[in-house]
Amino acid sequence: MGEGMGHVVDIAAGVGMDRALLGNKGAGLVRMRGLGLRVPPAFVITTQACRSYLDDGAQPPGLLDEIDAALVELERQRGLRLGDPECPLLLSVRSGAAVSMPGMMDTVLDLGVTEATRAGLVRRGGPGFALDSHRRFLESFGTVVLGIDQRAFDRAAEAVAAGAGRLAAQVEAFSKVLAAHSGAELLDDPRAQLRLAVEAVFRSWHSPRASVYRRLRDIPDDLGTAVVVQAMVFGNLNERSGTGVVFTRDPNTGAARPYGDFLFAAQGEDVVSGRHRTLPVAALGERLPRVWDELCRVLPELERDTGEMLDLEFTVEDGTLYVLQMRSGKRAAAAAVRIAVEMAGEGLIGRAEAVRRIGIDQLDRLARPHLDPTGDHEVVAVGLGASPGIATGRICLSADAVADLLDQPGEDGVILVRAETSPADVHGMAAADGILTSRGGLVSHAAVVARDLGTPAVVGVGELVVEELRGTVRIGAHRLVEGDVVTIDGGSGEVVVGQARAVPPAPCAELATLLEWADELAGAEGSVGASDVERLAGAHRALDAARV
């Protein structure tokens, strides 16, 4: 940042600013707003402020005053006020590093709900909406900001009897959990909550899961994260509302069609957590066709502007579409090659960029086999193929135990089997040979991270029941224990008990085209007698030398 500039930037004033300061999320919001898309008002607290906080243990001088000033402008744009009982403004407080780290840092949603402001939410969306938003905030703030164990909220929720008053009883129970850890006065002070939430997001840069992910992806430890403070829009407002994540192209195959998940009457965490059975994003077209048509116009517009296959988070509030985040979409190797070649053919990128985007490691992943359709194995369940490839291994029910099981004698690898994964599981996901979950959709945490790691994964297997405390799983009529062997096919979604025969994949049609372009770029290095890896590596060397 230039001399004299502060640490807080309204997205309306962020055009041309460095992504390293705004973070990936903040820069994406600036870009989408510049295209005229419907983006809720927001401001960004820069990565420089985070680094200062982490170095000094305190917010940089003047930051709170900057936040207050930015908040006044955000309130003006929305016509709402934080803490106002009549017209309350609610905020999301989200991390946003310069390099995408999906789910690895913290988020607080619905900040601004108190006993006093809930009445204003009732007038806006009814008592069910107001109580649901309050419950969500208490759990989010308690776990992320105050560090309360999630199990405390789970126990409180389980102790509440089912019935018409269950939401109100959960809010009361969750409020008691927070008050026991922080004092009741904090529950009524949204501005204090905002200050603490910002600091919690700063600290999440050094969380164990974020540190593990940075090591896996060779991301420097000294970048820090920006914090995006944004006016909430509500996918849980009513039945004409919802939330989703959509890729502009299929991240498994590369096909040029929208791919993702959606939930009506829900908030974003419901889609990505894997705890809920989601709908294909195209289901939006059946109930809200105008919203679906608008989304389908937005996706190619963003691709034309960025030259990238994108992952877009969005919310529908009472029939109105809002875009909340865009980032480069994680994709399987075959999809990466197809997308690069087709985008070059569409004129979105050049041939040199298409070749540059394919890494040497992706060629290895292209050669991964799949289940032999003529084999004599029994397919005991079919879920959603979330990350292509076949994996055979011993069942492991804990991310912490994956490394220990790999150290034990045995030729088979390890399959991490969970009801759903969370960011805290990333170390086990990275070590496992495959990932299998009973819940979650195509854009759940398990699916996105597995695709990023190149690990075969099958998610949303309805026939799978994980009994972690007993150390067993049930798949249909089969009861298995940790250490038993299963095979998964992350392309077809098939699950097999025991080992199964594999066959090589079909050739990637677009690879031949990409390697021809690589040969042209490599020039004198040529392709005579060279392997695919050598041909691609030669092109990369030529590109680096020419700085194309």
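**Helix pair α2/α8.** I looked up helix α2 (residues 47-56) and helix α8 (residues 190-203) in this predicted model; their axes come within 10 Å and cross at roughly 80°. Helices here are DSSP runs of H or I with at least four residues, strands are runs of E with at least two, and both are numbered from the N terminus. Axes are lines fitted to C-alpha atoms, for helices over the stretch in contact, with angles from 0 to 180 degrees between N-to-C directions. I noted α2 as roughly perpendicular to α8, because 65 to 115 degrees counts as roughly perpendicular. Ala49, Cys50, Tyr53 and Leu54 of α2 meet Glu199, Phe202 and Arg203 of α8, where contact means heavy atoms within 4.5 Å.

**Conventions.** I kept the numbering from 1 along each chain as its sequence is written, and side-chain values use heavy atoms, without hydrogens and water. Local features need pLDDT of at least 70 and side-chain atom pairs count only at pLDDT 80 or more, while totals for chains, interfaces and linings use all residues.

**Open sheet.** I read the order of the five strands as β1-β2-β5-β3-β4, with antiparallel pairing; two strands pair if DSSP finds at least two bridges between them. The edge strands, each pairing on one side only, are β1 (8-10) and β4 (107-111). The twist averages 20° from one strand to the next. Between β3 (residues 91-97) and β4 I found three bridges, and Arg94 stands opposite Thr107 in β4. Helix α1 (residues 19-34) lies across β1, β2 (42-45), β3 and β5 (225-231), at about 125° to β3.

**Cores.** The largest nonpolar core has 47 residues, and Leu91, Leu194 and Phe202 are among those touching the most other members. Such a core is a set of buried Ala, Val, Leu, Ile, Met, Phe, Trp, Tyr and Cys residues joined through side-chain atoms within 4.5 Å; buried means under 20% relative accessible area, with a 1.4 Å probe and protein chains only. Helix α8 gives the most to this core, with seven residues. I also noted a second, separate core of 33 residues, which includes Ile339 and Leu536.

**Strand β7.** Six of the six residues of β7 (residues 259-264) are buried, so the strand is largely enclosed by the rest of the structure. Tyr259, Asp261 and Leu263 point one way, and Gly260, Phe262 and Phe264 the other. Strand β6 (residues 242-247) runs antiparallel to β7 and is joined by six bridges; Phe247 stands opposite Tyr259. β8 (residues 279-280) pairs with β7 in the antiparallel sense over two bridges, with Pro280 as the bridge partner of Asp261.

Definitions and conventions
Angles under 35 degrees count as roughly parallel, over 145 as roughly antiparallel, 65 to 115 as roughly perpendicular and the rest as oblique. Buried means under 20% relative accessible area, exposed over 50%, partly exposed in between (1.4 Å probe, protein chains only).
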